[in-house]
Structures are given as C-alpha cells and as structure tokens.
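Good morning, and thank you for coming. Please look at the sequence and the structure on the screen as I speak.

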Amino acid sequence: MKLEWATAEDAPALATAHAAGFAQPWDAEAFAGLLAGPGVFGFLALDEETPAGLVLCRAVAGEAEVLTIAVDPALRRRGLAKALMAAALGAARQAGADQAFLEVAADNAPAAALYAGLGFRRAGLRRGYYDRGPEGRADALVMRLDLTPASS
Ligand SMILES: CC(C)(COP(=O)(O)OP(=O)(O)OC[C@H]1O[C@@H](n2cnc3c(N)ncnc32)[C@H](O)[C@@H]1OP(=O)(O)O)[C@@H](O)C(=O)NCCC(=O)NCCS
C-alpha cells in the first residue's frame, strides 16, 4: 500500500476510490475541477496500482476542510483512513492551517469514530444537511480539530 499526493492526472483513480465509499460518487471531472480550485489537495492510496482510498481537503486562510474520504470496503479497519487523514492534516498544517473542520452524517458511526479518535470534537449541527432520497434527510455534525503545535 502506498499513499501518493494526488494530481489532476489522478482524477479517474480518485473517482474510482470515491465510488467504493459512496452511493452518489463524484466523477473524474468533478475531482479534476476540485483539484484545480484554490487550496485543494488530496492523497490517493494505491494497493499495487489499484485505487484503495482517498482523502481530499481544502486549506484556505488558516482553515482546512476535509471534503471527502473513503476506503475500499475490502480494505477497511486496517488503519488506511487514519493514514490518509494523518497525511492530509500534515499537509494542511504545512499550508498554514491552524484548525480543520469537516461534516459527517450523524448516523455515520465509523466515520465519526475515526474523527473522534483523531481528536476532532463536535462544533455544530446542520439539520437535514444530507439528502437521503426516499429515506428523507440526515443531520450533519460539524467537527473541528485544533492544528496548532501546542495542541498536538
Ligand atoms: C470511514 C472510513 C473512511 C474508515 O476507513 P478505515 O480505513 O476502515 O478506517 P481505519 O481502519 O483507519 O480506522 C481508524 C479508526 O476509525 C474508527 N472506525 C473505523 N471504522 C469503524 C467502524 N466500522 N466501526 C467503528 N469504528 C470504526 C476506529 O476507531 C478505528 O480505529 P481502530 O480500528 O483502531 O478501532 C470507511 O469506513 C469508509 O470509506 N466509509 C464510507 C465513506 C464515508 O463514510 N466517509 C466519511 C464521510 S464523512
């Protein structure tokens, strides 16, 4: 397994990795567009040469936001998301971010546990933030992590 800094050329592989984690995946064009935006960066996990996971972030004006993260179901619970987050948060710090935010569905226990384990704490609630189609809407928890040296 290796983690690589994602470039625009990785957009199709990022889309493949994203599709393994979400019912409504983002396509390669969406990833290429995001990566071209200000402060956006990501890491791609490759198992041999097969996309195994990804993380995408944006760091602007001292604040980082985790835009998405996913790991192939066959490769979960092996620390891959933790490694992707460590890489992303390290890069965010290097980009000058002193805090990181993310949104997680209130019913996404694996992701909430991942973030809590990394030190993220609940900072807010967005009611009905996620559209779950016929199942209605789900709330989002906003989580925050202090990235200043004294806090880590
Ligand atoms: C959330 C996700 C990225 C975790 O990936 P992963 O590689 O399995 O996570 P890790 O192995 O690095 O787990 C790190 C920690 O997260 C927590 N965790 C991860 N999966 C968990 C689960 N199914 N149940 C409870 N805790 C879980 C644990 O604390 C774990 O540490 P441990 O294994 O030492 O107990 C993965 O489940 C996924 O892709 N889900 C679908 C996409 C998604 O929901 N993304 C987040 C959107 S906000």
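I will discuss a pocket, then a residue in a strand, and then a helix.

Please keep in mind that this is a predicted model.

Let us begin with the largest pocket, which holds about 1500 Å³ of space. Its lining consists of 43 residues, and those nearest the centre are Phe 22, Ile 69, Asn 108, Ala 111 and Tyr 115. By class, the lining comprises 25 nonpolar, seven polar and eleven charged residues. Which strand gives the most to this lining? That is S4, with nine residues. Helix H4, residues 109–117, is among the elements that supply at least two.

Strand S4 also contains Thr 68. Is Thr 68 buried or exposed? Thr 68 counts as buried because its relative accessibility is 6%, and the cut-off for buried is under 20%. The side chain of Thr 68 makes a polar contact of 3.1 Å with that of His 18. Beyond its neighbours within four places in sequence, Thr 68 touches several residues, including Phe 22, Trp 26 and Phe 31.

I turn now to helix H4. Its buried residues are Ala 111, Leu 114 and Tyr 115. Viewed down the helix axis, these buried residues fall within an arc of 90 degrees, so they line one face of H4. Ala 109 and Gly 117, on the other side, are exposed. The buried residues are covered by elements that include S4, H3, S5 and strand S7.

Finally, consider the two ends of H4. At its start, a side-chain oxygen of Asn 108 comes within 3.3 Å of the backbone nitrogen of Ala 111. After the helix comes Gly 119, with a positive phi near 105 degrees.

Note on methods
Residues are numbered from 1 along each chain as its sequence is written. This is a predicted model: local features need pLDDT of at least 70, side-chain atom pairs count only at pLDDT 80 or more; totals for chains, interfaces and linings use all residues. Side-chain values use heavy atoms; hydrogens and water are left out. On a 1 Å grid over the protein atoms alone, a cavity is a set of points where a 1.4 Å probe fits but cannot get out, and a pocket is an open set with protein on both sides within 12 Å along at least five of seven lines; lining residues have an atom within 4 Å of a point. Grid points are joined across faces, edges and corners, and a volume is the space filled by probe spheres set on the points. Helices (H or I, at least four residues) and strands (E, at least two) are DSSP runs, numbered from the N terminus. Ala, Val, Leu, Ile, Met, Phe, Trp, Tyr, Cys and Pro count as nonpolar, Asp, Glu, Lys and Arg as charged, and the others, Gly among them, as polar. Buried means under 20% relative accessible area, exposed over 50%, partly exposed in between (1.4 Å probe, protein chains only). A polar contact is a pair of N or O atoms within 3.5 Å; within protein, one must be able to donate a hydrogen and the other to accept it, and residues adjacent in sequence count only if both atoms are side-chain atoms. Contact means heavy atoms within 4.5 Å. The arc is that of the directions from the helix axis to the C-beta atoms.
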